[in-house]
Amino acid sequence: MRKQKPKKRIILPDPKFNDVLVTKFVNNMMVQGKKNTSYRIFYDAMEIVTEKFKDDNAVEVFKKALANVTPGVEVKSRRIGGATFQIPTEIYPSRKESIGIKSLIGAARKRHEKSMAQKLAGEIMSAYKEEGTAYKKKEDTHRMAEANKAFSHFRF
């Protein structure tokens, strides 16, 4: 490899919960550089989650929901002898986290509720209960990898 790997950027924890994962989530949710708006949406969603799950900590519910929607394997297309095969491959941890965050945000944006905070809270609660769009996407990815397990010897 000619180029050096880029240095990992240090991400500071968020002000309210003092958690780096929350900052990563907010950074991914942010649109047009409006980080304060993104933080407000996330914190409002956490308040809604706290109201619904009175006994659990909102950040713990969020982390469990994120873990529930994070896939362990994915399929990559590889062309071998004129045919394209879907080859299941394991995902390295930083990509796992990023895929989980993006699927949770994408599923929340597609929900039909009034505000983004309500959409996000709804998606987090359904992911925590192992249901909802983001969880279904993870299950579909795992199912596809299981179906194409026969081609795993073609690994990259």
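Q: In which hand does H4 pass H6?
A: In this predicted model, H4 passes H6 in a right-handed crossing.

Q: At what angle do H4 and H6 pack, and how far apart are their axes?
A: Helix H4, residues 93-110, and helix H6, residues 133-147, pack at an angle of about 130°, and their axes lie 8 Å apart. That angle makes H4 oblique to H6, because angles over 145 would count as roughly antiparallel and those from 65 to 115 as roughly perpendicular.

Q: Which residues of H4 meet which residues of H6?
A: On the H4 side they are Ser-103, Leu-104 and Ala-107, which meet Thr-133, Ala-134 and Lys-137 of H6. Sorted by class, the residues of this contact of H4 with H6 are three nonpolar, two polar and one charged.

Q: How do H1 and H3 pack, in angle and in distance between axes?
A: H1 and helix H3, the latter covering residues 58-69, pack at an angle of about 65° with their axes 11 Å apart, and the crossing of H1 and H3 is left-handed. The contact is made by Leu-21, Val-22 and Phe-25 of H1 together with Phe-62, Lys-63 and Leu-66 of H3. By class, the contact of H1 with H3 has five nonpolar residues, no polar residues and one charged residue.

Q: Which residues lie nearest the centre of the largest pocket, and how many line it?
A: The largest pocket is lined by 16 residues, and those nearest its centre are Lys-8, Arg-9, Ile-11, Lys-24 and Ser-94. The lining divides into five nonpolar, four polar and seven charged residues.

Q: Which helix gives the largest share of that lining?
A: The largest share, five residues, comes from H4, while helix H1, residues 20-29, and H4 each supply at least two residues of the lining.

Q: Where do these helices belong in the whole, and how many helices and strands are there?
A: The protein has six helices and two strands, and read along the sequence they follow the pattern α-α-α-β-β-α-α-α. Taken along the principal axes, the C-alpha atoms of the protein fill a box of roughly 55 × 40 × 30 Å.

Notes
Residues are numbered from 1 along each chain as its sequence is written. This is a predicted model: local features need pLDDT of at least 70, side-chain atom pairs count only at pLDDT 80 or more; totals for chains, interfaces and linings use all residues. Side-chain values use heavy atoms; hydrogens and water are left out. Axes are lines fitted to C-alpha atoms, for helices over the stretch in contact, and angles run from 0 to 180 degrees between N-to-C directions. Helices (H or I, at least four residues) and strands (E, at least two) are DSSP runs, numbered from the N terminus. Angles under 35 degrees count as roughly parallel, over 145 as roughly antiparallel, 65 to 115 as roughly perpendicular and the rest as oblique. A crossing is left-handed if the near helix is turned anticlockwise from the far one by less than a right angle, and right-handed if clockwise. Contact means heavy atoms within 4.5 Å. Ala, Val, Leu, Ile, Met, Phe, Trp, Tyr, Cys and Pro count as nonpolar, Asp, Glu, Lys and Arg as charged, and the others, Gly among them, as polar. On a 1 Å grid over the protein atoms alone, a cavity is a set of points where a 1.4 Å probe fits but cannot get out, and a pocket is an open set with protein on both sides within 12 Å along at least five of seven lines; lining residues have an atom within 4 Å of a point.
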